[in-house]
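Thanks for asking me to look over this model.

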Amino acid sequence: MRVSKVLLATLATTAALLAGCGASIDNETAGQVSSAAAPLQGTERSFAVLGGQTVTNTGPSEITGNMGVSPGSAITGFPPGLVIGETHAADAVALQAQSDTTTAYLDLAGQPCTSDVTGQNLGGRTLVPGVYCSTSGLQLTGALTLNAEGVPGAVWVFKAVSTLTTASGSSVLLTNGANPCNVFWQIGSSATVGTNTSFVGNIYALTSIALQTNATLSGRALARNGAVTLDSNIINAPVCDISSGTSVTLDKTFSPGTISVGEVSKLTINFSNANDTPASFTARFIDTLPSGLVVVPNSLFTDCSETVTAGLSLLSGWFIEGPSKVGLEAEGEIPANGSCKLTAMVTASAAGTYINSLPAGALQTSNGTNADPATATLTVQ
């Protein structure tokens with residue numbers, strides 16, 4: 001009777017959405033009263049990827065957080081994929097995580113809507129906290145900005161009876177204290193995160209989740225009954241027990257900001273810590289550059305304190321360097337009441353405007369996360 005259970009869950013989701021979306025609310029007005037609440041979460045919080053039947057991967061995907069599947073048992077593509085966490089296939093841990101995923105899914109499905117976004121594109125909009133519902137699917141083309149308006153613990157819930165689909169190159173940006181831990185997507189069928197999309201939030205899908213080539217996710221991909229399919233992705237499950245705040249900040253620059261094709265510019269990422277204690281990295285920090293912008297080999301430098309011998313490697317050591325990404329392993333710290341930086345030389349073989357953005361929550365430390373995104377633009381003539 002598995003089909004019947006899925007059908008009942010879909011009908012329940014549809015009924016909840018229809019009950020809550022009788023009227024359209026101006027969801028872009030500052031000061032909107034939000035009834036959104038984070039669902040009751042359990043062991044699934046430790047998972048970055050959780051499939052119902054299979055987890056499949058192509059290419060050098062990197063997952064920070066646990067990975068699992070239940071009741072199915074098939075996990076393929078690791079290696080070349082890398083998991084910085086535990087892997088659970090059809091064991092008691094994965095079974096419990098699926099049970100907790102179902103609990104959170106139903107919690108989200110039952111939350112009353114504050115805005116009806118049926119048939120609307122979320123791209124190009126700035127949304128304050130709330131419960132945004134679609135009686136069909138959710139579409140994202142371009143950039144969606146979530147503005148917490150400085151409210152601690154602000155929550156967004158997006159609910160769709162059917163699918164979630166993002167176009168290539170789309171993004172979700174967090175501002176004014178928004179936290180990736182508090183963004184939830186409850187999807188009544190399947191979710192597809194398009195090529196080169198920079199996505200944020202916890203995806204709870206009834207069926208399957210697919211991250212297409214080079215898509216990134218600051219959050220979780222949790223599929224109840226189907227597959228999670230990956231292709232050269234970076235998925236970072238945020239440490240949600242650590243509150244976001246202004247005591248740890250992140251900014252970045254290109255110098256010079258305008259170059260000619262084939263010339264180089266220095267990318268500088270600054271980490272600041274306004275606490276009386278050092279801020280230790282609790283997760284990998286990775287900056288994926290926009291398509292076409294590449295790192296000059298052996299050009300990385302950091303003056304952040306490190307607890308391992310400095311090295312240069314794609315997947316291990318203190319530095320992380322690849323053709324289009326730079327970063328640091330989770331084995332160092334930012335000084336107390338101080339700052340440190342990561343630099344790299346970059347270049348491009350084609351003219352254009354290259355926008356490099358790091359979302360809120362990209363920097364995860366023992367003293368909190370960055371509450372605001374960091375963005376820099378390089379113009380190549």
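1. The largest pocket has a lining of 42 residues, and those nearest its centre are N196, N214, T216, T288 and L289. Here a pocket is an open set of points on a 1 Å grid over the protein atoms alone, where a 1.4 Å probe fits, with protein on both sides within 12 Å along at least five of seven lines; a lining residue has an atom within 4 Å of a point. The space inside the largest pocket comes to about 1,100 Å³, taken as the space filled by probe spheres set on the points, with points joined across faces, edges and corners.

2. A word on the source before you go on: this is a predicted model, in which local features need pLDDT of at least 70 and side-chain atom pairs count only at pLDDT 80 or more, while totals for chains, interfaces and linings use all residues. Residues are numbered from 1 along each chain as its sequence is written, and side-chain values use heavy atoms, leaving out hydrogens and water.

3. Which strands supply the pocket lining? At least two residues each come from β15 (171–175), β18 (198–205), β20 (216–223), β22 (234–236), β28 (285–288) and β37 (352–358). The largest share, six residues, belongs to β37. By class, the lining holds 18 nonpolar, 21 polar and three charged residues; Ala, Val, Leu, Ile, Met, Phe, Trp, Tyr, Cys and Pro count as nonpolar, Asp, Glu, Lys and Arg as charged, and the others, Gly among them, as polar.

4. For the overall fold, the protein chain has two helices and 40 strands, both being DSSP runs numbered from the N terminus (helices H or I, at least four residues; strands E, at least two). Of its 381 residues, 51% count as buried, meaning under 20% relative accessible area with a 1.4 Å probe, protein chains only. Among contacts (heavy atoms within 4.5 Å) with a separation of 6 or more, 63% are between residues 24 or more positions apart.

5. There are two disulfides, a disulfide being a pair of cysteine sulfur atoms within 2.5 Å. One joins C113 and C133, with the sulfur atoms 2.0 Å apart. C113 sits in the loop between α2 (92–109) and β8 (115–116) and C133 in strand β10 (residues 130–134), so this pair ties together parts 20 residues apart in sequence. The link is left-handed, with -100° about the S-S bond. C113 is buried at 11% relative accessible area, and C133 is buried at 0%.

6. The other disulfide joins C304 to C340, S to S 2.1 Å. This pair links distant parts of the chain, 36 residues apart: C304 is in the loop between β30 (301–302) and β31 (305–306), and C340 in strand β36 (residues 338–348). With 85° about the S-S bond, the link is right-handed. C304 is buried, at 3% relative accessibility, and C340 is buried too, at 3%.

7. Strand β36 also contains A348. Is A348 buried or exposed? A348 is buried, with a relative accessible area of 3%. Setting aside residues up to four places away in sequence, A348 touches V261, G262, E263, G292, L293, Y354 and V380.

8. Last, have a look at Q364 in strand β38 (residues 364–365). Q364 counts as buried because its relative accessibility is 3%. Beyond neighbours within four places in sequence, its contacts are A237, P238, V239, S280, F281, T282, A283 and T369.

Terms used:
Buried < 20%, exposed > 50% of the residue type's maximum accessible area, 1.4 Å probe, protein only.
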